[in-house]
Amino acid sequence: MIIIFFISIAMVASIVGLGVSKNIIKSIMFLNLLQANIILLFISFNYHEELVPPIFNGNLENFSDPLPQALMITAIVIGASVTALALMFSIKIFHHFGSLEWDIIKKRID
Amino acid sequence: MEKLIYLPIFLPIILGVIIYLINLDKMYFLIYVLEIFLMIISINFYNVVDSGKVIYEVIGGWEKIIGIGLKISSIEAAFLILSTFLFTVILIYIQKNKDHDFKFLFFILLLQGSFNGFVVSDDIFNIFVMLELITIISTILIIYKKDAHSLKAGIYYLLFNSVGMMFFLIGIIILYIKFGTLNLTYIKEVIQPGCFDNSLKLAIIFFISAFGVKSAVFPVYDWLPKAHSASLTSISALLSGLLVKTGVIGLMKITRVFDCANYSEVFLYLGIATAFLGVIFAFSQKDIKQILSFHTVSQIGLIMIGFSINIDIAMIYLINHSVIKSLLFLTTGIIINKYGDRRVNKIRGLWHNSKYLSIVLIIAALSLAGLPFTSGFISKSILGTSIHGFTFILVVSINSFTFASMMKILSILKGTDDRKFEVNKRKYFSLGILVSVIFIMGIAYIDFDASIFSGLQYLKVKNLLKFMTEFAIGMFLFMKYGRNELKIMNKLRHFTVPFYDGVILLVSFILILIYIF
């Protein structure tokens with residue numbers, strides 16, 4: 001249970017980070033951190049010491065539930081694509097505005 | 001019948017990939033064939049489910065508890081018809097346009113497939129995947145111009161919606177731990193009445209906040225006007241007409257399952273705040289596209305007010321608003337392209353230049369404000385007759401502000417200016433389709449159990465009186481404050497919420513929901 005406690009702290013920290021960081025790259029990084037923590041939370045809720053991997057080897061008891069991992073792989077893929085897209089945009093934004101600060105790109109209205 | 005569910009999802013995606021690979025302009029007729037085919041299928045679905053039957057299919061033939069469910073009931077069938085119709089109109093509008101090449105068509109068709117997938121999916125994780133897909137594709141479409149404005153709006157849209165979706169993921173975790181499955185129909189079967197404990201409440205709060213971000217309700221609205229005003233005309237119409245409704249559709253899906261809670265107060269407050277704020281902001285704008293996008297915010301608020309009473313009111317309001325708002329964006333898109341300016345006080349003499357566009361614009365703008373014989377009147381009357389007291393007064397004042405800002409848009413008709421609009425038959429034809437649908441819906445009122453001309457039953461003295469009152473107050477507001485602005489309007493016009501403050505607002509939104517729910 002102690003791992004869930006630490007994950008929750010990290011989640012709150014990354015939300016706070018999203019709320020205070022004024023740079024686009026930092027925002028993307030905190031978004032990644034938040035997502036990683038949520039994925040870790042889902043995996044660790046299902047974790048017990050005695051569980052075996054869900055591969056058939058004659059033992060039909062104590063399987064760990066494979067569904068959360070399948071779901072979280074999808075979530076990781078989505079997160080990776082969102083990150084890639086956001087980083088590509090930030091390159092373009094840097095070319096247009098010469099800066100990646102939210103405040104500076106907000107002011108430059110052309 | 002069950003196997004036909006796959007077609008609205010996969011056919012547009014397959015055709016999009018074919019168009020992307022072969023890169024042939026002559027393939028455009030295939031798109032129309034596809035859309036007509038999808039329309040026939042959707043109407044067929046609607047006829048089947050109209051008698052209360054539900055079409056259900058689990059992908060791969062698994063059991064309901066482990067497979068991904070696809071479900072069509074009457075709500076989903078109506079949205080399939082709406083999405084096919086709007087995509088068809090927009091595809092007619094963008095044909096042979098230089099800005100829209102085959103890559104653009106690929107993304108549009110991909111978007112249609114993923115939207116249909118979102119509408120029919122009955123599995124909450126699948127809903128998450130489809131929402132993220134819609135977010136990513138629509139971000140690419142928003143920045144398609146690749147200018148500074150759209151880049152700024154695009155990154156805000158992408159990051160903010162992703163943060164909202166992260167909270168959705170937390171809600172999914174709670175549901176999975178509690179029920180062991182993510183299939184909404186199965187959860188509805190196993191959930192006991194009155195079992196509404198705190199963890200489930202927390203999950204629902206996360207879902208409401210994520211869908212609130214998607215549909216731009218009060219504290220988290222600021223991505224919408226940015227994104228909708230920065231993108232291309234066709235994309236603005238699509239975003240404002242269809243994609244912003246994903247949040248409302250999601251709320252309908254969620255509340256249908258967890259119906260033991262009482263949502264009406266939450267949605268009423270959210271709706272009032274959103275509608276009022278949006279309309280005030282819209283009135284203080286000068287940019288046509290900004291006015292229309294802030295109006296989308298306020299209309300979402302009115303849909304929420306309708307949703308707090310009854311799902312049917314929200315449905316009819318939502319469908320009517322989709323058609324009207326798409327028409328407004330498409331019409332103003334032509335005008336803005338011609339004049340090269342988006343400010344209301346810089347465009348002059350539209351009536352002199354193009355009678356057709358002027359008439360379309362008048363019909364669209366007044367229909368949004370609730371002109372009799374159009375669909376806007378029906379939705380406003382239904383909403384007006386079902387609310388009482390203080391809410392009614394608020395809705396009347398919101399509608400008056402709508403009138404005032406529509407008058408602001410219509411002021412571009414006046415004056416003289418010599419610019420000849422060359423007639424683009426395709427664009428004018430797509431506008432004509434939307435106008436005729438507005439009138440058909442206004443007179444025939446395509447109800448779920450309607451007889452023809454049942455729309456005329458709303459022409460009552462009370463509704464007409466409400467319309468006249470709103471019109472009078474709106475004209476007064478426009479005359480008084482339309483030209484010589486108050487200082488506060490200038491401040492409101494330049495008010496934006498930066499991304500980091502938006503996240504703080506989102507967190508406080510969740511905390512407020514926890515407090516009042």
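Me: How many residues of domain 1 of chain B are in contact with domain 2 of chain B?

Reply: Two residues are in contact if their C-beta atoms lie within 7 Å, so that's how to count across a boundary like this one. Here, 23 residues of domain 1 of chain B meet 26 residues of domain 2 of chain B. Keep in mind that this is a predicted model.

Me: Which elements supply the domain 1 side of that contact in chain B?

Reply: Strand E2 (69-72), helix H3 (74-94) and helix H4 (102-120) of chain B each bring at least two residues. H3(B) has the largest share, 12 residues. By type, that side splits into 14 nonpolar, four polar and five charged residues.

Me: And where do the two domains of chain B run, and how far apart are their C-alpha centres?

Reply: Domain 1 covers 1-122 and domain 2 covers 146-516. Their C-alpha centres are 24 Å apart.

Me: Now the chain pairing. How many residues of chain B are in contact with chain A?

Reply: On the chain B side 29 residues take part, against 36 residues of chain A. Helix H5 (124-142), H6 and helix H22 (499-516) of chain B are the elements giving two or more residues to the chain B side. H6(B) gives the most, with 15 residues. The chain B side is made of 22 nonpolar, four polar and three charged residues.

Me: How do I read the largest nonpolar core, and which residues touch the most other members?

Reply: Think of a nonpolar core as a set of buried residues joined through C-beta atoms within 7 Å. The largest one here holds 197 residues, and Phe128(B), Leu159(B), Leu169(B), Ile172(B) and Leu327(B) touch the most other members. Helix H6 (residues 148-179) of chain B is the top contributor, with 19 residues. Both domain 1 and domain 2 of chain B put at least three residues into this core.

Me: What does Phe128(B) touch, leaving out residues up to four places away in sequence?

Reply: Phe128(B) touches Met165(B), Phe168(B), Leu169(B) and Ile172(B).

Me: Last one: what span should helix H14 of chain B have?

Reply: The expected span is 1.5 Å times one less than the number of residues. H14 (residues 311-339) of chain B has 29 residues, so it should span 42 Å, and its end C-alpha atoms are 41 Å apart, which agrees.

Me: Is H14(B) mostly covered or mostly open, and what follows it?

Reply: Mostly covered: 23 of the 29 residues in H14(B) are buried. Next along comes Gly340(B), with a positive phi near 70°.

Conventions
Residues numbered from 1 in each chain as written. Chains lettered and ligands numbered in written order. Predicted model: local features only at pLDDT ≥ 70, side-chain atom pairs only at ≥ 80, totals over all residues. Buried ≥ 20, exposed ≤ 12 C-beta atoms within 10 Å, placed from the backbone. Helix = DSSP H or I, 4+ residues; strand = E, 2+ residues; numbered from the N terminus. Domains from an automatic or database assignment. Nonpolar A, V, L, I, M, F, W, Y, C, P; charged D, E, K, R; others polar.
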